[in-house]
Protein chains: 2
Amino acid sequence: MTSDVQRTHARLDSFVDRYAARTAGMTASEIRALFSVASRPEVVSLAGGMPNISGLPLDVVGSAIGDLVAEQGTVAMQYGSGQGVPALREQITDVMRLEGIDAHADDVVVTVGSQQAVDLVTRVFCDPGDVVICEAPSYVGALGVFRAYQAEVVHAEMDADGLVPEALQQAITAVKAAGRTIKFLYTIPNFHNPAGVTMSAERRRQVLEICQREGVLVLEDNPYGLLGFSGEPMRALRADDPDNVIYLGSFSKTFAPGFRVGWALAPHPVREKLVLAQESSTLCPPQFSQMAVSAYLAAHDWQGQIKQFREMYRERRDAMIDALEDLLPAGCSWNVPEGGFYVWLTLPPGVDAKAMLPRAVTARVAYVPGTAFYADGFGSSAMRLSFCYPTPERIREGVRRLAGVLETEMELRRTFGAQAPERGLPGGYDRPGTHVR
Amino acid sequence: MTSDVQRTHARLDSFVDRYAARTAGMTASEIRALFSVASRPEVVSLAGGMPNISGLPLDVVGSAIGDLVAEQGTVAMQYGSGQGVPALREQITDVMRLEGIDAHADDVVVTVGSQQAVDLVTRVFCDPGDVVICEAPSYVGALGVFRAYQAEVVHAEMDADGLVPEALQQAITAVKAAGRTIKFLYTIPNFHNPAGVTMSAERRRQVLEICQREGVLVLEDNPYGLLGFSGEPMRALRADDPDNVIYLGSFSKTFAPGFRVGWALAPHPVREKLVLAQESSTLCPPQFSQMAVSAYLAAHDWQGQIKQFREMYRERRDAMIDALEDLLPAGCSWNVPEGGFYVWLTLPPGVDAKAMLPRAVTARVAYVPGTAFYADGFGSSAMRLSFCYPTPERIREGVRRLAGVLETEMELRRTFGAQAPERGLPGGYDRPGTHVR
């Protein structure tokens, strides 16, 4: 009998006993399963984080890349440096200057999207059991990397002004008291994914001060910083602490993700390690992609393009907020993001976003349940809604469907009572938003 | 005094105590330092492994990519699947069919060059202390990956017919007797990098048989398989053992490396893990690169192009072998590769290729010392010469310069005696070649 079971098991995966221990943490994310569902055209996906690149000038891109092939084809199609194309790294310093960063191209390492930058930084710093402090909630893709390197995530609370300094200090103190090693704070200061909030200037000062005092390196992940809907970009954390901040940037949201060009700006010795890690991982990031991005930046008014993107996303943000206000039942709360792609929606007590998801998809609307953004099981009463990709009309239709599903869910609860014990959520723990309906 | 030393150290790298243990194995390779030296135009580099892509039809590539941007730009510049573009994966199965592989596109995972495939496979399988069996010598980039994952490399001898089955069996038995866990055999069966040899058909059968019996997974790295100078491509190991072989392929040598498109073909459960590892590493491989390669394959007679590459490389191989025969001093031996990029040269007893390198570079010729290709310090009396990139005339000039340096080196040894104790090399251990001068 046992032998039969074993045989069946072996047929399923004969390698099951041979994988590295880290594979236990490599599981399909909730977002991943959703991508296939949400790709059906009848579903309004408020789940994905795909930028809307329909506004890109294909003629400009095509002619820049055509010239690239004709004039520098054998360079663009050849191996390059593990650190990345020098001309592109210069242009990257221009991009970062918009956020107050004064950097040298020598300290930039080009990566395969900023996802790979998170991977390489974690590879360089984290032994199994090391602790990474993350906001609560935090980016699902980064949590996956930390898990894959067997690092432990400790969350620190956010509110409408971003990471709460007292919560950060408390987390650091608690981890140190437990004799654990903190390798870095992972933070998304601007237009947070998934929480939508932005860290205030005063908070930035406090967070840097705490991290300096406690000897905690800061990993600043900033894919959305130039996508603010009003005023100037916020000053980057890196701008005020070059020695203790690793800054990650990306062209995925300001140009296009399909080239997979991101970067890390790191203190010199760390940059050295990142280049070695990059060489081990890929030999070099794609030369053609890098030169294509570089040619686009040189040929096009890329800042004007970002302005167009900002206006397009603001219109979508407005459509979503209007729809939430008009259509959602009482008891829901959300924030009004000043940039980026995401609204964080907290549901009435007792409604479980993950349990509700199959019914939502049946009603042809998709979102990401809040639990995906926590390493510790929190977030069940919240969800991330993205407004980046669908049209304003589709966004409103999606929220209408979501409201219908929520009404039914709440009606059921009123009729039959709570189906499951309510999750205990410490004050505000998964509620970075402020707007309450 | 101690405190001063510490302060200096801290100034050099204030993070030195914070890196992960694995960074101890992440060191700059001998090849890396060479790339900067060898890039000076006056140096004939027989060191690098850059393919010669000057024969690519830039007009065809440019027009295929131009059409791609115009017709599918917003798809090509968007995020894609972590597993890779389905149409490209279908085309990859066509490429592999040339080596007898009957595979389904579902079992292909696209990677950022096959370097990333080595990285992801190692990530999925290797815990620190696990053993990977490699040929002696083996590819420097793979050895770097194994080191970065804290795996231990055990070498098994090659000869002119490739990996020696008895040596493989001996290595497996010894590692198991020591209570260590073998995770896989890493092998480059065709036109080996750096050894230049090809595993014979009979050896392939024996190696597969041993690995099956011993429960050792095979990682078949095959970037050069279609670049044979005579006859049909050899049948891949994977073609005869789909359940116990992970096959790695690449477009870097058959098309162009700048797109960084490689792949892994893996048994179904392993493929699942590789996709998760890819998502964690990069979210998805570059969509634009993949669609560019796919468009090239569809628009061009890619098999005819490979035939042109083969002829070009054969001419260079001939130039190198002729030059070695005409110019090298007695006591050197080398193999005559039937494909690929590399000749493995063994020097007369007592001549140390690494120690000689600065003098060679002064004489304006570069190579990679044999020690780069061993995890265990062997290889000092050998070097890898690559004939892929320079013109036949430059190759001959490079060998002429190398011969001059060698003559001087040997003359010094004759005059002053051995400068260093000779390395004890067990019979043939770093001598896969057959041709002795």
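Leaving aside its neighbours within four places in sequence, which residues is A:Arg317 in contact with? We'll get to that under the first heading; keep in mind throughout that this is a predicted model.

## A:Arg317 and its surroundings

Start in helix α12 of chain A, which runs over residues 302-327 and holds A:Arg317. Once the residues within four places in sequence are set aside, the contacts of A:Arg317 are A:Phe229, A:Val336, A:Pro337, A:Glu338 and A:Phe387.

Is A:Arg317 buried or exposed? The relative accessibility of A:Arg317 comes to 9%, and since anything under 20% is taken as buried, this arginine counts as buried.

## Chain A as a whole

Zooming out, chain A has 14 helices and 15 strands. Its radius of gyration is 22 Å, close to the 22 Å that the globule rule gives for 437 residues, so chain A is as compact as a globular protein of that length. If you'd like dimensions, the C-alpha trace of chain A spans about 70 × 55 × 55 Å along its principal axes.

How much of chain A is tucked away? Of the 437 residues, 62% are buried. Chain A exposes about 15,500 Å², and 52% of that comes from carbon and sulfur atoms. As for how the chain folds back on itself, take the contacts between residues at least 6 apart in sequence: 77% of them join residues at least 24 apart.

## How the two copies pair up

Now bring in chain B.

How many residues of chain A are in contact with chain B? The count is 80, and they meet 80 residues of chain B. The size of an interface is often given as the accessible area lost when the parts come together. Here chain A and chain B bury about 6,400 Å² between them, with 62% of it on carbon and sulfur atoms. On the chain A side, the residues that lose the most area to chain B are A:Arg18, A:Met77 and A:Tyr79, which together make up 12% of what that side buries.

Back in chain A, a couple of peptide bonds are worth a look. The bond from A:Ala136 to A:Pro137 is cis, with omega near 0°. A:Pro137 is in the loop between β3 (131-136) and α6 (140-148). Another cis peptide bond joins A:Asn193 and A:Pro194, this time with omega about 15°.

A:Pro194 lies in the loop between β6 and α8. That loop, between β6 (182-187) and α8 (201-214), also holds A:Ala195. With a relative accessibility of 0%, A:Ala195 counts as buried. A:Ala195 and A:Asp161 are 34 residues apart in sequence, and their C-alpha atoms are 11 Å apart in space.

## Backbone details in chain B

You'll find B:Arg260 in the loop between β8 (245-250) and β9 (261-265) of chain B, and its relative accessible area of 2% makes it buried.

B:Arg364 also has a positive phi, about 65°, although it is not a glycine. This arginine is in the loop between α13 (353-362) and β12 (365-366) of chain B. At 39% relative accessibility, B:Arg364 counts as partly exposed.

Last stop is strand β4 of chain B, residues 152-159, where B:Met158 is found. B:Met158 is buried, with a relative accessible area of 1%. Along the chain, B:Met158 and B:Met199 are 41 residues apart, while their C-alpha atoms are separated by 9.0 Å.

Terms used. Residues numbered from 1 in each chain as written. Chains lettered and ligands numbered in written order. Predicted model: local features only at pLDDT ≥ 70, side-chain atom pairs only at ≥ 80, totals over all residues. Heavy atoms only, no water. Helix = DSSP H or I, 4+ residues; strand = E, 2+ residues; numbered from the N terminus. Buried < 20%, exposed > 50% of the residue type's maximum accessible area, 1.4 Å probe, protein only. Contact = heavy atoms within 4.5 Å. Rg over C-alpha atoms; globule rule 2.2 N^0.38 Å. Areas by Shrake-Rupley, 256 points an atom, 1.4 Å probe, with all protein chains shown as cover. Buried area = accessible area lost by both parts, 1.4 Å probe.
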